[in-house]
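Please look over the two chains shown here. The report below goes through them part by part.

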Amino acid sequence: MTVRRENTNSGGDAIAIEELASVRVSKKYVARRKWGRALVWALLLLGAIIMIAPFGFLVTSSLKDQMGVFRYPPQWIPNPPHFQNYIQVFIIKPFHIYIRNTLFIAIMNEIAVLWASSFCAYGFARLRFPGRDIWFKIVLGTMMLPGIVLMVPMFVIFSRLGWIDTYLPFIVPTFFGGGAFNIFLLTQFFRTLPEELADAARIDGCNEFSIYARIFLPLAKPALATVAVFTFLTTWNDFMGPLLFLNTPEKYNVAMGLTLFRGGLMQTSWNLLMAAAVTMTIPVLLLFFLAQRYFVQGIVMTGLRG
Amino acid sequence: MTNATRQALVGYIFISPFILGFLLWQFIPMVTSAWMAFQDWNMISAPHFVFLDNFSTIFHDELFWQSLKVTAVYSLISVPIGLVLSFCAALLLNTKVSGIGIFRTFYYLPVVVPSVAGALLWAWMLNTEFGLVNLVLRSVGLPKVHWLIDPNLALLSLIMVSLWSSIGGAMVIFLAGLQGVDNMYYEAAEMDGAGYWAKLWYVTIPLVSPVIFFNLIMGIIGSFQVFSAGYLITGGGPNNATLFYVLHIYRVGFMYLKMGQASALAWVLFVIVMSLVALIFRYFSRSVYHEAKTA
């Protein structure tokens with residue numbers, strides 16, 4: 001290199017020097033970038049292993065026999081795999097009943113949330129009336145309310161209403177607004193739609209309710225899908241609510257049912273507990289892989305403009 | 001009816017589900033809870049007014065201070081570490097290396113795992129003899145760690161679990177924020193000779209500061225409400241080392257049926273969280289960059 005530079009120097013060709021310099025810089029740059037990329041990739045891989053390893057342990061534990069989970073050295077790939085654990089899960093506890101219960105609540109919640117949140121969001125996004133902005137600030141404010149402080153009074157209110165040990169505490173409140181996050185998300189979405197749509201319909205004599213139902217709701221399908229996905233996830237994963245409001249084991253949802261597999265420290269059949277945990281997790285993972293787009297959209301829409 | 005009143009009426013019909021819900025399931029419960037905080041009530045006999053007795057009882061309760069300490073430590077450690085890790089993860093995932101899509105999915109995956117399933121899985125992962133974490137330590141010749149049994153480690157273990165399950169959510173928000181940064185800022189910085197770290201410090205971080213702020217607020221609010229990890233993994237133990245504040249409320253209210261005390265505890269929590277949020281808004285919102293809005 002040095003020789004060549006001397007050569008060009010002696011040649012006195014300024015342009016050639018410049019070219020050479022830029023080549024050298026970019027070579028150094030390329031090398032650094034290459035190392036940088038390798039480092040990024042290594043860090044990403046390390047992180048990914050930490051994030052994913054628990055899933056592997058979950059699955060391998062769920063396929064061992066009762067004592068197999070306590071064996072050392074551990075068998076990473078259980079031989080033979082005890083697939084019957086997944087049948088046991090449904091025999092030892094009525095897991096199918098928990099699933100049915102949860103699906104019932106989930107369907108009711110989907111209806112309630114999709115209707116209520118889009119209905120409110122239309123009002124916030126497309127109509128002008130005094131007090132609207134204050135109420136919308138309240139919507140945003142309730143998103144920051146630590147909901148857990150309400151658990152004691154809610155319990156008192158629901159027991160006064162005679163709703164304890166029924167599904168009403170999970171279903172009825174969702175008809176009232178459907179959750180601040182969902183209202184917020186759909187309001188943001190409705191605001192992006194052009195006003196001309198509604199104007200044209202108004203000229204044709206449509207009232208606001210039919211504009212909402214016939215024009216805006218069909219256009220909001222992607223945002224509604226996001227809301228639907230998150231609603232299912234919240235309902236499926238809900239643990240605190242059933243813990244407080246349900247007493248009869250036959251009425252439990254999946255999350256509560258799963259905790260029943262936990263005995264004391266030594267009595268727990270970890271293999272069955274893990275099989276039950278896999279059974280509970282598979283539906284949400286499936287949903288995630290099928291609807292990944294809506295997940296990301298929902299998080300971004302509520303997170304970025306908040 | 002004038003046009004304006006009709007319009008207002010229609011507007012309020014549309015938002016009425018929210019207004020009713022707010023009154024029924026938020027405002028009335030808050031008022032009820034405030035009333036209950038001044039009553040001695042076990043839900044069986046009639047409540048009677050005790051004024052500030054509930055507050056003086058809870059402030060004289062060692063478990064109150066223990067649960068407050070546990071929650072404060074949890075929040076102080078898990079929120080900043082969570083922010084830094086999710087931001088770093090987002091930076092890494094914002095690069096254009098091969099397989100980036102799969103990496104993003106992997107990092108987000110723990111977020112969708114139901115909290116109960118995640119908690120029970122980690123109770124098993126951190127088992128001293130047979131859990132994966134100690135198996136890995138053992139395979140590289142390190143001594144086993146009593147993750148959930150050692151009172152000095154139990155809280156840290158739960159923080160670890162919470163990081164695993166929550167980093168992905170904040171990360172996706174950061175990622176969207178990073179992708180929203182206009183490339184022209186980077187080009188301008190490069191013209192001024194900024195390297196990677198200078199660009200990160202002077203361009204990226206200021207521009208995504210609203211997102212950092214959002215994640216910080218949500219992280220703090222969430223950290224004070226943590227419950228299922230303590231309830232399911234450690235049961236508040238060992239020796240109350242993981243007695244989270246909400247777990248304390250749950251026990252006082254639903255195990256000892258002291259509804260008045262539980263309400264008083266809930267109000268103390270509410271005041272603490274709201275003051276923290278207000279403080280952060282006051283001192284940090286000014287240092288947050290606001291992009292000029294053109295609309």
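## A glycine after a helix in chain B

α6(B) is followed by B:Gly141. The phi of B:Gly141 is positive, near 85 degrees. This is a predicted model, and every value in this report is computed from it.

The helix itself, α6 of chain B, covers residues 132-139. Three of its residues are buried: B:Leu132, B:Val133 and B:Asn134.

## Chain B as a whole

Chain B holds 13 helices and two strands. The chain has 295 residues, and 42% of them are buried. Its C-alpha atoms fill a box of roughly 80 × 75 × 30 Å, taken along the principal axes.

Contacts in chain B can be sorted by sequence separation. Among those with a separation of 6 or more, 67% join residues 24 or more positions apart.

Chain B is divided into two parts: domain 1 covers 1-36 and domain 2 covers 52-287. The centres of these domains, taken over C-alpha atoms, are separated by 34 Å.

## An asparagine with positive phi

B:Asn239 sits in a loop of chain B, between α11 (228-234) and α12 (245-255). Its phi is near 55 degrees, a positive value in a residue other than glycine.

Is B:Asn239 buried or exposed? B:Asn239 is exposed, because 11 other C-beta atoms lie within 10 Å, and a residue with 12 or fewer counts as exposed.

## Where the chains meet

How many residues does each chain bring to the contact? Chain B gives 67 residues and chain A gives 74 residues. On the chain B side, the largest share comes from helix α1 (residues 3-36), with 20 residues.

The side of chain B that touches chain A has no charged residues. It consists of 53 nonpolar and 14 polar residues.

## Chain A as a whole

Chain A has 15 helices and zero strands. Of its 306 residues, 38% count as buried. Take the contacts in chain A with a separation of 6 or more: residues 24 or more positions apart account for 75% of them.

Chain A is divided into domain 1 (2-62) and domain 2 (85-304). Four residues of domain 1 are in contact with seven residues of domain 2. On the domain 1 side, two of the residues are nonpolar, two are polar and none is charged.

## Two loops in chain A

The loop between α2 (14-62) and α3 (85-92) of chain A contains A:Pro80. A cis peptide bond joins A:Asn79 to A:Pro80. Its omega is about -5 degrees.

A:Asp165 lies in another stretch, the loop between α6 (151-160) and α7 (168-171) of chain A. Its phi is near 70 degrees, which is positive in a residue other than glycine. How exposed is A:Asp165? With 14 C-beta neighbours inside 10 Å, A:Asp165 counts as partly exposed. The count falls between the cut-offs, 12 or fewer for exposed and 20 or more for buried.

## A helix pair in chain A

Two packed helices are described by the angle between their axes and the distance between the axes. Consider helix α5 (residues 132-144) and helix α8 (residues 180-191) of chain A. Their axes come within 9 Å and cross at roughly 135 degrees. The crossing is left-handed.

Which residues make the contact between α5(A) and α8(A)? From α5(A) come A:Val139, A:Leu140, A:Thr142 and A:Met143. From α8(A) come A:Ala180, A:Phe181, A:Ile183 and A:Phe184. Seven of the contact residues are nonpolar, one is polar and none is charged.

## A closer look at A:Ala180

A:Ala180 lies in helix α8 of chain A. It touches A:Val139, A:Thr142 and A:Met143, not counting residues up to four places away in sequence.

Why does A:Ala180 count as buried? A:Ala180 has 23 other C-beta atoms within 10 Å, and 20 or more make a residue buried. A:Gly241 is 61 residues from A:Ala180 along the chain, and their C-alpha atoms are separated by 18 Å.

Definitions and conventions:
Residues numbered from 1 in each chain as written. Chains lettered and ligands numbered in written order. Predicted model: local features only at pLDDT ≥ 70, side-chain atom pairs only at ≥ 80, totals over all residues. Contact = placed C-beta atoms within 7 Å. Helix = DSSP H or I, 4+ residues; strand = E, 2+ residues; numbered from the N terminus. Nonpolar A, V, L, I, M, F, W, Y, C, P; charged D, E, K, R; others polar. Domains from an automatic or database assignment. Axes fitted to C-alpha atoms, helices over the stretch in contact; angles between N-to-C directions. Left-handed = near helix turned anticlockwise from the far one by under 90°.
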